[in-house]
Amino acid sequence: MSDAKPLVLDVDGTFLKTDLLLENFWAALARDPLRTLALSFAHFRRPEKLKAGLAAIAPLRTDLMPVNADIRALAAESSAAGREVVLASASNEALVRKVATDHGFSSRIFGSTEEVNLKGAAKAGALVEAYGEKGFDYAGNAPVDAKVWDHAENVIMVGEQPAVAARLAARGRNVVTYEGGWKLADLVKALRPHQWVKNVLLLLPMVAAHEFSWGVLLPVLLGILAFSAAASSIYIVNDLLDLEADRLHPTKCRRPFAAGTVPIGAGMIVGVGLGLSALILAAALNWAFFGIVVLYIATSLAYSLKLKRMRWVDIVVLASLYTIRVIAGAAAGEVAITTAMLVFVFPVFITLGCVKRITELAKAEGDERLPGRGYGRPDRHDLLNVAGIGVFGALLIFFIYTLSPQAKALYPDRWLLWAAMPFLAHWLIRMVRLGWQGKMDYDPIVFAARDRVGLGVMLFTLSLMFWAAKLWQQWFGG
């Protein structure tokens with residue numbers, strides 16, 4: 001390394017483990033979706049205009065963005081040795097200046113303006129004009145940075161580019177390589193496969209209708225696969241819209257996109273692929289199921305973009321998304337679903353939606369509103385009251401259902417349904433209590449799938465319903 005010459009650092013993917021343009025796009029999309037989309041289409045081929053426009057729509061908290069530890073250490077070492085550390089990026093110059101200020105780098109920065117996209121040859125020209133040929137060392141990570149490395153004295157390369165490194169070494173450049181890239185395991189984590197357990201709700205209609213044939217089960221299993229793909233697509237969108245809020249959260253800050261372990265661009269490609277796969281699989285099943293998947297995706301997008309920040313509306317939407325899964329199960333298996341079932345499950349899901357927010361507030365460290373949400377700790381008692389109403393409503397509707405002609409036909413021993421009610425009540429009340437104490441996962445459905453005590457209670461409740469229906473006689477000829 002040169003002792004006196006400045007160290008010039010690329011920002012996107014080099015100093016920062018993220019991309020400022022994509023960060024800005026998603027932050028702007030969360031703040032003003034229509035304006036952001038209009039701007040993106042209008043200036044798709046003029047990136048300098050797009051970058052300036054996005055920066056005007058949504059200012060970014062660059063101080064929260066993940067940093068490449070190796071490059072930060074190199075910058076600190078160079079600064080301590082008296083070298084000027086300069087940021088040069090194709091990102092908007094106002095954002096580059098913020099990053100430089102956040103990390104104490106030189107006030108001299110190089111960034112894109114509304115007239116010039118400072119990338120590749122343009123960046124190389126600006127640096128040569130400022131420091132002269134081979135008058136600086138440069139750290140970058142992308143193939144386009146080769147145009148700058150050609151004019152630098154020493155090359156710092158983040159990530160493996162063997163062909164580029166060999167060419168530069170043959171030209172007498174000193175090449176230093178730092179680890180870069182990302183792992184497939186981190187991308188899988190971003191898909192949240194543990195959340196797919198929610199999609200077992202598609203099985204409810206066939207269970208309630210006592211339809212256990214392979215002709216019903218197989219389409220429902222394919223429906224679960226389609227919903228899992230659609231859900232993971234939406235989880236990616238949700239995480240990208242919530243980057244700043246997640247970085248302020250004690251545990252969500254470790255999510256792959258917030259932590260910078262998976263590039264935003266990779267997430268966008270995978271998200272689109274999963275969404276299309278879900279729609280294709282849904283259409284292959286039947287058009288009713290396809291319509292429900294479209295409704296689920298549209299509602300989830302509306303929730304991610306706007307509705308999750310609206311008090312009470314967000315809980316209704318969460319309950320609706322769970323209920324849509326139940327309807328989807330009926331459509332996939334082409335089995336009848338009763339109004340009674342939908343009226344019963346909705347207050348259950350309202351309760352669980354309240355539990356989700358209660359848990360978040362129980363784990364919050366202060367009384368301010370949750371990042372990206374409309375609730376603060378003072379709202380806990382109101383949420384508790386609504387959860388209680390949901391529990392009471394679900395049990396009341398369940399009891400009324402046991403008196404219906406359909407229940408009489410499906411469950412000869414209805415007294416066992418009444419015997420199951422205290423256990424159902426115990427499970428719901430226990431979920432509310434654990435949420436109030438902050439002793440569960442941020443998602444109650446995921447927690448319920450891992451909670452041994454709760455699973456035991458629910459399995460016993462289901463066994464009572466099984467005996468009430470005398471299914472053992474149908475299956476085993478007793």
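## Close-up views of the predicted model

Figure 1. Leaving aside residues up to four places away in sequence, Thr299 touches Val317, Leu321 and Ile324. Thr299 itself is found in helix H15, which covers residues 287–305. In this predicted model, the relative accessible area of Thr299 is 18%, and because buried means under 20%, Thr299 counts as buried.

**Figure 2. The chain as a whole.** The secondary structure of the chain comes to 23 helices and 6 strands, and its C-alpha atoms fill a box of roughly 90 × 50 × 40 Å when this is taken along the principal axes. Of the 478 residues in the chain, 51% are buried. The chain exposes about 21,500 Å², of which carbon and sulfur atoms supply 64%. Among the contacts in the chain with a separation of 6 or more, 64% are between residues 24 or more positions apart.

Figure 3. An open sheet is formed by 6 strands in the order S3-S2-S1-S4-S5-S6, and the pairing is parallel. At the edges stand strand S3 (109–112) and strand S6 (174–178), and because each has a single partner strand, one side of each is left without a neighbour in the sheet. On average, and with direction ignored, neighbouring strands of this sheet are turned by 15° against each other.

**Figure 4. Strands S1 and S2, with the helices that pack on the sheet.** Strand S1 (residues 7–9) and strand S2 (residues 85–92) run parallel and are joined by 3 bridges; in S2, Val86 is the bridge partner of Val8. Helix H3 (residues 47–57) packs on the sheet, where it touches S2 and S3, and the direction of H3 makes about 95° with that of S2. Helix H8 (residues 162–170) also packs on the sheet, touching strand S5 (154–158) and S6, and the direction of H8 makes about 170° with that of S5.

Figure 5. A search of the whole structure finds 17 salt bridges, and one of them is formed where the side chains of Arg61 and Asp63 meet, at 2.9 Å from N to O. Arg61 counts as partly exposed, at 34% relative accessibility, and Asp63 is partly exposed as well, with a relative accessible area of 41%. Side chains of opposite charge can pair when their charged atoms come close.

Figure 6. Asp239 forms a salt bridge with Arg192, in which the closest N and O atoms are 2.3 Å apart. The pair links distant parts of the chain, since Asp239 is in helix H11 (residues 214–241) whereas Arg192 is in the loop between helix H9 (184–190) and helix H10 (204–208), 47 residues apart. Asp239 is buried, with a relative accessible area of 2%, and Arg192 is buried with a relative accessible area of 9%. Arg192 and Asp239 are linked with Asp246 and Arg255 in a network of salt bridges.

**Figure 7. The salt bridge between Asp242 and Lys308.** The side chains of Asp242 and Lys308 meet in a salt bridge, at 2.7 Å from N to O. Asp242 lies in the loop between H11 and helix H12 (243–247), and Lys308 lies in the loop between H15 and helix H16 (313–333), so the pair ties together parts that are 66 residues apart in sequence. Both Asp242 and Lys308 are buried.

Figure 8. Val293 touches Phe227, Ala230, Leu279 and Ala282, not counting residues up to four places away in sequence. In soluble globular proteins, nonpolar side chains tend to be buried together.

Definitions and conventions:
Residues are numbered from 1 along each chain as its sequence is written. This is a predicted model: local features need pLDDT of at least 70, side-chain atom pairs count only at pLDDT 80 or more; totals for chains, interfaces and linings use all residues. Side-chain values use heavy atoms; hydrogens and water are left out. Two strands pair if DSSP finds at least two bridges between them. Helices (H or I, at least four residues) and strands (E, at least two) are DSSP runs, numbered from the N terminus. Axes are lines fitted to C-alpha atoms, for helices over the stretch in contact, and angles run from 0 to 180 degrees between N-to-C directions. Contact means heavy atoms within 4.5 Å. Buried means under 20% relative accessible area, exposed over 50%, partly exposed in between (1.4 Å probe, protein chains only). A salt bridge is a side-chain nitrogen of Lys or Arg within 4 Å of a carboxyl oxygen of Asp or Glu. Accessible areas come from the Shrake-Rupley method with a 1.4 Å probe; for residues, only the protein chains shown count as cover.
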